Amino acid sequence: MRAHRTTRTAALLCAALGLTAAVGTASAASPPADRPTARPSAPPVLVDCLWHPKVRPADFILACGDGNSRVISLKWDHWNARSAKATGVNVVNDCKPYCAAGTFHAYPVVVRLDKAQPWKKDPRTQRYDRIVLEYPAQRPAQFQKVMTYPLWD
């Protein structure tokens, strides 16, 4: 009878150790629930006037209400999680004598994007929050050499 109990106890101990090992292996294989898994991050986007996310767009409207300022012919030097930089042309309406009768003028420009933030429409997507235009030569009369604008969310 004593041998039977010893064998049964040994079998229970082995089963318990096996279960502990299996649970330990399973918990080591999956990350804890409070720690997010790493996923590849997509580059930030530039959100246009129609709420479409764009990466390295060839053009971009700055004045959504009337279209009187846009950047065109954009050639992107880089586009990453921290910033983006391009050269292009800023086409601006002089609105003289008024905008409907005004003339569009083209100015070479360096475009910089930065301050990536979660996009309210899709918080998993980062979107650039600021655009900076630098005019290396001529610029519209009312503009400074460097113009900084927040971007819509």
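In β10, which residue is the bridge partner of Arg 130? Pro 150 is, and that bridge is one of 5 through which β9 and β10 (residues 146-150) pair in the antiparallel sense. Strands here are DSSP runs of E, at least two residues long, numbered from the N terminus, and two of them pair if DSSP finds at least two bridges between them.

A word on ground rules. This is a predicted model, with local features needing pLDDT of at least 70, side-chain atom pairs counting only at pLDDT 80 or more, and totals for chains, interfaces and linings using all residues. Residues are numbered from 1 along each chain as its sequence is written, and side-chain values use heavy atoms, leaving out hydrogens and water.

β9 also runs antiparallel to β6, joined by 5 bridges, and Leu 113 has Ile 131 as its bridge partner in β9.

Now the aromatics: the structure holds 4 aromatic pairs (ring centres within 6.5 Å, using the six-membered ring for Trp; planes under 30 degrees apart are stacked, over 60 edge-to-face, the rest tilted). Phe 60 and Trp 152 are stacked because their ring centres sit 5.7 Å apart with planes at 10°. Phe 60 is in strand β3 (residues 60-61) and Trp 152 in the segment after β10, 92 residues apart. Phe 60 is buried at 4% relative accessibility, while Trp 152, at 24%, is partly exposed (buried is under 20% relative accessible area, exposed over 50%, partly exposed in between, with a 1.4 Å probe and protein chains only).

Trp 79 and Tyr 128 go edge-to-face, 5.3 Å centre to centre and 75° between the planes. Ring pairs also link Trp 76, Trp 79 and Tyr 128 into a cluster.

Technical notes:
Helices (H or I, at least four residues) and strands (E, at least two) are DSSP runs, numbered from the N terminus.
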